[in-house]
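Thank you all for coming; I would like to walk you through one model this morning, taking a sheet and then some side chains in turn.

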Amino acid sequence: RPGARHERADAMAPPPRKIKLRNKDFFESDEYLRKLEGVTSRLAGAFPGQDPTSREDVAKTIMEILQGHEDTLGASSPTPRPMMKLPARCFRDLAPGGALFVILKRCLRRKHEGRWRRFDWQSEHKRREFVGMMVECEDDLRAKGLLGHAKIHVSSDVPAEKRAELTRAIAACGAVAAVSQYEDGVTHVVHEEDIAAAAAAAAATSDVLVLGVLGKEAHVHYKRHPGSYDAWISLSSAQANAAVGSNLTSPPPDEFEDDPNLRLGLSRRAEPAKHVIAAWLLDSARFNEYCEESDYAWEDPAVRAMRAMREAAEAATRNAMDAVAAAASAGAAEAA
């Protein structure tokens, strides 16, 4: 599947990227190729009589574009970069007129117009051409309402000495800086991570969240990494490194999205701003790809303190009830 296969015996951190298949024959499997039928049909209509004309050819083209996308815009790519990497979800939207179709249509048009034999990014000139093509893909996705703009506000709880670095990160991400979190269109509010939350994160024994299992493989998400790093690894490795909250008993959600609201960009526009810790912004700039907000969720310390008090009170009540039940049971036993 689109994504990299990462397996390590140590901390399970993803190694340098190389786009690979989940299985050698996955892109020739009926499972994936069936899902490509709608996209393939639309491409055939857009480019009659021109390649790619089969689902297998479309699958190979996807892999080629994914690798070029990673090599030219990924975390290890040359700087400066004119754009962020496109979200992984765009390559997983297999709707006939969805994000993947929009990307493929633009890339194939450039390939046919330029009479390219293949997508190439090995030389500096070819790299500029490939990145320019990806910029056009980004523009097309925005025009179709399939990709939004990030508008980020840095909260007043962030120390003054860190604000300049965060401002540079906003610019590196091509996002808009918001003066207030209440401005229209704000998508993220960045906060300082408090000591207690930082200590809890440092104490975590694993950063591998298992999304689900299928046969002898597991689909995992590496915490504090973008979604494109999600990978299929061996079930044994997943079981040995699973973080709290992992799903080791059932299949993962379908990674190829088919949500009409998401394709139209409606669900993301309707969402309130996400409150995240500053590491989300810094890591996103470092990867040149937006990381998963859920890995960096910020919770108001006052709300967390109240929740802790409530949980402690509930635990005390349960313990008291258990003690009463135990005493009653003991009394009944003595009476018998």
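Predicted model: local features only at pLDDT ≥ 70, side-chain atom pairs only at ≥ 80, totals over all residues.

**The sheet and its middle strand**

Residues are numbered from 1 along each chain as its sequence is written, and side-chain values use heavy atoms, with hydrogens and water left out.

Three strands form an open sheet in the order S4-S5-S6, with antiparallel pairing; strands here are DSSP runs of E with at least two residues, and helices are runs of H or I with at least four, both numbered from the N terminus. Two strands count as paired if DSSP finds at least two bridges between them. Strand S4 (208–214) and strand S6 (231–234) stand at the edges, and because each has a single partner strand, one side of each is left without a neighbour in the sheet. The twist averages 40° from one strand to the next, where axes are lines fitted to C-alpha atoms, for helices over the stretch in contact, and angles run from 0 to 180 degrees between N-to-C directions.

S4 is joined to S5 by six bridges, and the two form a hairpin with two residues between them, where Gly 215 in the turn has a positive phi of about 65°.

How many residues of S5 are buried? Six of its six are, buried meaning under 20% relative accessible area, exposed over 50% and partly exposed in between, with a 1.4 Å probe and protein chains only. In a regular strand the side chains alternate between the two faces of the sheet. In S5 both faces are covered, with Glu 217, His 219 and His 221 on one side and Ala 218, Val 220 and Tyr 222 on the other.

**Rings and cysteines**

Turning to the rings, a search of the whole structure finds four aromatic pairs, meaning rings of Phe, Tyr and Trp (its six-membered ring) with centres within 6.5 Å, called stacked if the planes are under 30 degrees apart, edge-to-face if over 60 and tilted for the rest. One of these is the stacked pair of Trp 280 and Tyr 290, at 5.7 Å centre to centre and 15° between the planes. Trp 280 lies in helix H12 (residues 278–287) and Tyr 290 in the loop between H12 and helix H13 (301–335), 10 residues apart. Trp 280 counts as buried because its relative accessibility is 0%, whereas Tyr 290, at 26%, is partly exposed.

The charged end of Arg 286 sits over the ring of Phe 287, 4.5 Å from its centre, which requires CZ of Arg, or NZ of Lys, within 6 Å of the ring centre and within 35 degrees of the ring normal.

Finally, the search finds zero disulfides, a disulfide being a pair of cysteine sulfur atoms within 2.5 Å. The sulfur of Cys 173 is 8.9 Å from its closest cysteine sulfur, in Cys 291, and is therefore too far for a bond.
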